[in-house]
Amino acid sequence: MIETIKNAWKIPDLRRKLLFVVFALVIFRFGYAIYVPYVDTKALADVFKQYSDTLLGYFNTLSGGGFSQASIFALSVYPYINSSIIMQLLQVAIPALERMVKDGGEEGRKKLASITRYVTIALSLLMGWTYYIMLRTSGVLTRTDLWSAIVIILTFTAGSSFIMWLGEQINSKGVGNGISLILFASIVSRGPSAVMSIINGLKSGSMNVISVIVILVVAVAMIAFIVFITNAERRIPIQYAKRMVGRKMYGGQSTHLPMKVNMSGVMPVIFASSIVTFPGTIIQFLNPEEGSFWSNFGKAFSQGSLAYIIVYALLIVGFAYFYATIQFNPIEVSNNLKRNGGFIPGFRPGKPTTDFIAKVLGKITLMGALFLGIVAILPLIMSNIKGLGGLAIGGTSVLILVGVALETVKQVEAQMLMRHYKGFLE
């Protein structure tokens, strides 16, 4: 990867794009040093220590710590990601929207992008209002009048909208997916604090050298495992029938249909994490009495408990199948093959081909779901080991980091190939 970036740097056009990405990410990180008015940030940081194992703590980790500081970019990329997911689901539920995207071409995609922007702003207002209610309930606001509420909510919304715009600028003028790179930068920014916590743990004696070595070994092994599974795919052989067009013979070549093992990406883990930590967040807000039913329920489903891990794993598997079904339609693939004169050797076009593709999809989705489950649950198991609590590598974060890095390198290599710089890739 480093060699690819070095070679891309030698190309003036790619160098300008890479510099633009770096400049955009620097601007993004500067925004985290600007706080919204009327908020006591020190008191807010103390409050968030109580929510480290809840949904709010999970959001704070992926937002680079901006959630616990009430920065103008506190909402980060979540409104845009949620908006994109909602639009994907609506394409399945609303046939007219699906036709607009498939049959509308470039114009249809522009309309979908415009709708996604409006939904993002609406979600930003909703999330900003919810965040304001939490700040007011926690008692960290210096003013609680109507004007302060309007300023805080609109500031959060404007920050989220600016991040969305910045991501689109990276898409058009830089290299890679803008929103993914912004999320990548948010997670990486938490690295220095994680290193400092390890150093402080060694100094205080709460950790020893062996536990640090174990963390590093598991982190390296996890990254290698993620890279292997991310690049793994099942290739179904495809044969195209020969046909005469005038005096020329077309078709007859053999190719394959690639089906990625981890087709759903990191989305099942994000969905499952949001749902499984939601009850604990609500119970934390209610602050039930010690020994009551809700207090015991919250402890039973606390992060790292057996019930939490089991429910988390089941949700990941369920969402993996759900998202793979949305991303890959065996009937549509079978119809496209039949329309273009292609077939899978040993299977007739039509329903037999659809059934075979669906069967293969079910098998590789199970393998992908198990992979996601292992990566997500391993840090929770490590957190229960003495000396490793709270310092385990976040599976979701590592998945995002590795996935974004691999995808960005592929796009850089594609840009280099377009410019016929084949020697750099040999």
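The legends below describe the whole chain and two close-up views of a predicted model.

**View 1. Overview of the chain with its 17 helices and 5 strands.** Helices (H or I, at least four residues) and strands (E, at least two) are DSSP runs, numbered from the N terminus, and residues are numbered from 1 along each chain as its sequence is written. In this predicted model, local features need pLDDT of at least 70 and side-chain atom pairs count only at pLDDT 80 or more, whereas totals for chains, interfaces and linings use all residues. Of the 426 residues, 42% count as buried, meaning under 20% relative accessible area (1.4 Å probe, protein chains only), with exposed over 50% and partly exposed in between.

**View 2. The open sheet of 3 strands, in the order 4-1-5.** The pairing is antiparallel, and two strands pair if DSSP finds at least two bridges between them. Strand 4 (254-260) and strand 5 (342-343) each have a single partner strand and stand at the edges, so one side of each is left without a neighbour in the sheet. Strand 1 (residues 233-240) pairs with strand 5 over 2 bridges, and Tyr240 stands opposite Gly342 in strand 5.

**View 3. The nonpolar surface patch that includes Tyr118 and Trp147.** Helix 8 (146-173) and helix 7 (105-138) each supply at least two of the residues, and helix 8 gives the most, with 4. Ile121, found in helix 7, is partly exposed, with a relative accessible area of 31%.

How values were computed. Heavy atoms only, no water. Patch = residues over 30% accessible without salt bridge, like charges linked within 9 Å, V, L, I, M, F, W, Y side chains within 5 Å. Areas by Shrake-Rupley, 256 points an atom, 1.4 Å probe, with all protein chains shown as cover. Salt bridge = Lys/Arg side-chain N within 4 Å of Asp/Glu carboxyl O.
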